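Colleague: I have just opened this one and need a quick tour. Can you take me through it?

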Amino acid sequence: MCAWPRPRDRSHHPTTGPPTRRPATPRRSRWRDALGQCLRRLRLERGEILVETARRAGVSPQYLSEMERGVKEPSSEMIAAVAGALDVTLGDLTLAIATTLLAVPAAVPASPTCQAAYALAA
C-alpha cells in the first residue's frame with residue numbers, strides 16, 4: 001500500500017491562511033456580444049436612451065447597459081422583457097442573433113450586425 005504525503009493544512013496559520021484562488025476571468029461570449037449589439041441598435045433606432053428602455057422592460061439602466069456590452073449572462077425572461085420593450089419578440093430576436101452568428105466565420109472575432117433584427121422589427 002502506497003502512502004501519499006498529505007498536503008499541509010494551512011488554514012490555521014495566521015499569516016498564510018487558506019490558499020486563495022484568482023477569480024476566473026469571464027470568457028467573452030459571441031452570443032452575448034451579438035445580443036448586446038442587437039439590443040443597442042434596436043434601442044438607438046427608436047431614439048431612446050437606456051433609462052427609457054430599461055424602465056419599460058422593468059430592469060435597471062445599469063443592467064441593460066451590461067446586457068448591451070455583453071457583460072451579463074441574462075436569463076431568457078430578462079431578454080424577453082427587453083425585447084418586448086423594444087417591440088421585438090424573443091423568437092425574432094433569437095433568430096436574428098443566430099442568423100448573424102452563422103454569417104460570421106468562427107475564426108474571426110465576432111463583430112456582428114443586427115440587420116436581421118432590423119427587418120424583423122420593422
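Colleague: At what angle do helix 3 and helix 4 pack?

Modeller: Helix 3 (residues 61–68) and helix 4 (residues 76–85) pack at an angle of about 100°, and their axes are 12 Å apart. Axes are lines fitted to C-alpha atoms, for helices over the stretch in contact, and angles run from 0 to 180 degrees between N-to-C directions. Helices here are DSSP runs of H or I with at least four residues, numbered from the N terminus. This is a predicted model, in which local features need pLDDT of at least 70, side-chain atom pairs count only at pLDDT 80 or more, and totals for chains, interfaces and linings use all residues. Residues are numbered from 1 along each chain as its sequence is written, and side-chain values use heavy atoms, with hydrogens and water left out.

Colleague: Are helix 3 and helix 4 roughly parallel or roughly perpendicular?

Modeller: Helix 3 and helix 4 are roughly perpendicular to each other. The cut-offs are under 35 degrees for roughly parallel, over 145 for roughly antiparallel, 65 to 115 for roughly perpendicular, and oblique for the rest.

Colleague: Which residues meet there?

Modeller: From helix 3, Tyr63, Leu64 and Met67 meet Met78, Ile79 and Val82 of helix 4. Contact means heavy atoms within 4.5 Å. The residues of this contact divide into six nonpolar, no polar and no charged. Nonpolar covers Ala, Val, Leu, Ile, Met, Phe, Trp, Tyr, Cys and Pro; charged covers Asp, Glu, Lys and Arg; the others, Gly among them, are polar.

Colleague: Moving on. Which residues are buried in helix 2?

Modeller: Thr53, Ala54 and Ala57 are buried in helix 2 (residues 50–57). Buried means under 20% relative accessible area, exposed over 50%, and partly exposed in between, with a 1.4 Å probe and protein chains only.

Colleague: Why are they on the same side of helix 2?

Modeller: They cover an arc of only 100° around the axis, so they sit on the same side of helix 2. The arc is that of the directions from the helix axis to the C-beta atoms.

Colleague: What do they pack against?

Modeller: The buried residues of helix 2 pack against helix 1 (30–45), helix 3 and helix 4.

Colleague: And what follows helix 2?

Modeller: Glycine 58, with a positive phi near 80°.

Colleague: Is serine 65 buried or exposed?

Modeller: Serine 65, in helix 3, is buried at a relative accessible area of 16%. Not counting residues up to four places away in sequence, serine 65 touches Arg40 and Leu50.

Colleague: New topic: how many salt bridges does the structure hold?

Modeller: Seven. A salt bridge is a side-chain nitrogen of Lys or Arg within 4 Å of a carboxyl oxygen of Asp or Glu. One of them joins arginine 32 and glutamate 73 (2.7 Å, N to O). Arginine 32 is in helix 1 and glutamate 73 is in the loop between helix 3 and helix 4, so this pair ties together parts 41 residues apart in sequence. Arginine 32 is buried at 10% relative accessibility, while glutamate 73 is exposed at 55%.

Colleague: What does glutamate 68 form a salt bridge with?

Modeller: Arginine 43, with the closest N and O atoms 2.7 Å apart. Glutamate 68 belongs to helix 3 and arginine 43 to helix 1, so the pair ties together parts 25 residues apart in sequence. Glutamate 68 is buried at 3% relative accessible area, and arginine 43 is buried at 7%.

Colleague: Which residues are linked in a network of salt bridges?

Modeller: Arg46, Glu48, Arg56 and Asp87.

Note on methods. Helix = DSSP H or I, 4+ residues; strand = E, 2+ residues; numbered from the N terminus.
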